[in-house]
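Please consider the structure shown below. The paragraphs that follow lead through some of its packing and pairing.

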Amino acid sequence: MNKTKKNIFLITLLILLSVIGIIIISIGVSMSKKNDAADHGTLTVVTSFYPMYIAALNITERADINLSNLSEPQTGCLHDYQLTTEDMKLLSEADVFIINGGGMEEFLDGVISDYPNLKIVDASQGIDKVEDNAHMWMSIADYMKQVNNIANGLSAIDNANADIYRDNAAVYNSKLEELKGMIPDTYRGSKVVLFSEAYEYLARDLSMEVETVLDLDEEKNISAKEVAETVDVIKQRNIPLIISEKQYGEKMAEIVKNDTGVKVVYLDTIIRGNYDKDSYINAMRSNIELLREAASWK
Amino acid sequence: MNEFLSLFSYDFMINALLAVLLIGPLFALLGTMIVMKKMAFFSDALGHSAFTGVAVGVILGITSTEISMIGFAVIFALILNHIKKRNPDNVDTIISVFASVATALGLCVLSFGGNFSEYSSLLVGDILSISKKEILYLLIIFIATIVFICFAINWLNAISINATVARSHNIKVQLIEDIFAVIIAITVMLSIRWVGLLLVNALLILPAASSRNISENMREYVGYSVVFSLFSGLLGLFVSYFINIATGPVIVIVAAIIYFATYIYGGRS
């Protein structure tokens, strides 16, 4: 093999690949530029995921800050979520990072320590946790506490806008209070099986007795034994209702329903949705309506 | 150009860049030896033992699973090496059995309670979350590898050509093969979190395999392999940064393009 010929081939190959790379990069850069257009203002606030973003969106209304959310996980829950380069950029530019807390953002433990200047606002401070469960936003009462925690955290960091944050939080919480008033009382003391630990907080708001929690939230493989046990529990204890998530729980819920005739309600766990500021309220309202409907079949 | 330079204003990108600069040559060097000794399947099996390594760590309650991963991989590599030696005729079957057992054992423990998704980051890896401390570990193993290869490259070469002749020249075949297996084990385990179990072997094998397509002597073989590895690492990192996709797969794709190009070129002349 001719040596110079080989070197020419190699250099051409590497240059060609670099050129292709640069073309791809410049396309990428020109696309991302459009997204960065609205980047101005003083404080940059990043939220860890959807319910925190919606809360922060309401609290920071009219305040001159940048608010963004980490990109949404495509999978069921946050636990197995991986940060994208976009997220790492967001975090390294952020001043404040609002997290749900309670262990929900475990995936970030290693990352946060890389940004010692990032101020963390933990929304779950002082909230009475159900065991290891961190889905507090699913209880309207706890979500209201989270709203207050976020508003207080932001006020302490950004004094100039403290009044705005507190006023906004009060307005948002009054809407949530109204929503809380819509929670039906018909379920008090009634037994329920949950197909996601997220609903434990909702069940607490409803004063229901939770018999079993099956966490179908993550892409979990359910064993035949678990299905059989669930069916047995429902039959033996005469449980009238299952609350399940549509995406991951439906298969299992339909199996159990066919076997036992139990009622199934599919509710939103509000971990994703549109970025409208009333979307939490809308999602929770439709949850409550579904529960009211289910109660009326009793 | 400014946009391009902007990426160096992020600590995580500098860390990732350092990691690529270390992993690249390290993988290239080990890869040349692995390809030469026809151990591609061996290193792949080692990658799979990471499942059991993590599982052992979980059972023992060790918080940093790296220790259990490395410990298990070293033991796994040594046992595999010795059993392989006794049955030289069906090495690929033995490795396959070992890899399957390690994967199955690991999956059994990790899926207990249905929590496997917690560990799915092992499969894909994330080079952007690498920290300074972990880069230091890579640097240490990198230096160890270079020292080992400087001493042992000719021995390794001799062993891979003919182990019996090598032994008759007073080369400590078993010892050198064991050290080599341990180095591969530690390197693979340290890198799995950054490049992912599914792709770690591709990064080990592709640069060396590409280099083998066109090189005529040992120096070219190692040299080209390092160049290919560094090139695909850097290009993959930059491209993945700007178009916002996972880094490992992009690096592998670049390395694969180089492989096919050299394959065609090598076959033509």
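In this predicted model, helices H10(B) and H11(B) cross in the right-handed sense. H10 spans residues 200–214 of chain B and H11 spans residues 218–243 of chain B. Their axes come within 8 Å and cross at roughly 135 degrees. This angle makes H10(B) oblique to H11(B), because angles over 145 degrees would be needed for the pair to count as roughly antiparallel.

Which residues bring these two helices together? From H10(B) come B:Pro207, B:Ala208, B:Ser210, B:Ser211, B:Arg212 and B:Ile214. They meet B:Tyr221, B:Tyr224, B:Ser225, B:Phe228, B:Ser229 and B:Ser232 of H11(B).

Attention now turns to chain A. Here 4 strands make up an open sheet with parallel pairing, in the order S2-S1-S3-S4. The edges are held by strand S2 (65–69) and strand S4 (119–122) of chain A. Each of these has a single partner strand, so one side of each is left without a neighbour in the sheet. On average, and with direction ignored, neighbouring strands of the sheet are turned by 20 degrees against each other.

Strand S3 (residues 96–99) of chain A pairs with S4(A) in the parallel sense, over 4 bridges. Within this pairing, A:Phe97 has A:Ile120 in S4(A) as its bridge partner. Helix H5 (residues 140–157) of chain A packs on the sheet and touches S3 and S4 of chain A. The direction of H5 makes about 155 degrees with that of S4(A).

Terms used: Residues are numbered from 1 along each chain as its sequence is written. Chains are lettered from A and ligands numbered from 1 in the order in which they are written. This is a predicted model: local features need pLDDT of at least 70, side-chain atom pairs count only at pLDDT 80 or more; totals for chains, interfaces and linings use all residues. Axes are lines fitted to C-alpha atoms, for helices over the stretch in contact, and angles run from 0 to 180 degrees between N-to-C directions. Angles under 35 degrees count as roughly parallel, over 145 as roughly antiparallel, 65 to 115 as roughly perpendicular and the rest as oblique. A crossing is left-handed if the near helix is turned anticlockwise from the far one by less than a right angle, and right-handed if clockwise. Two residues are in contact if their C-beta atoms, placed from the backbone, lie within 7 Å. Two strands pair if DSSP finds at least two bridges between them.
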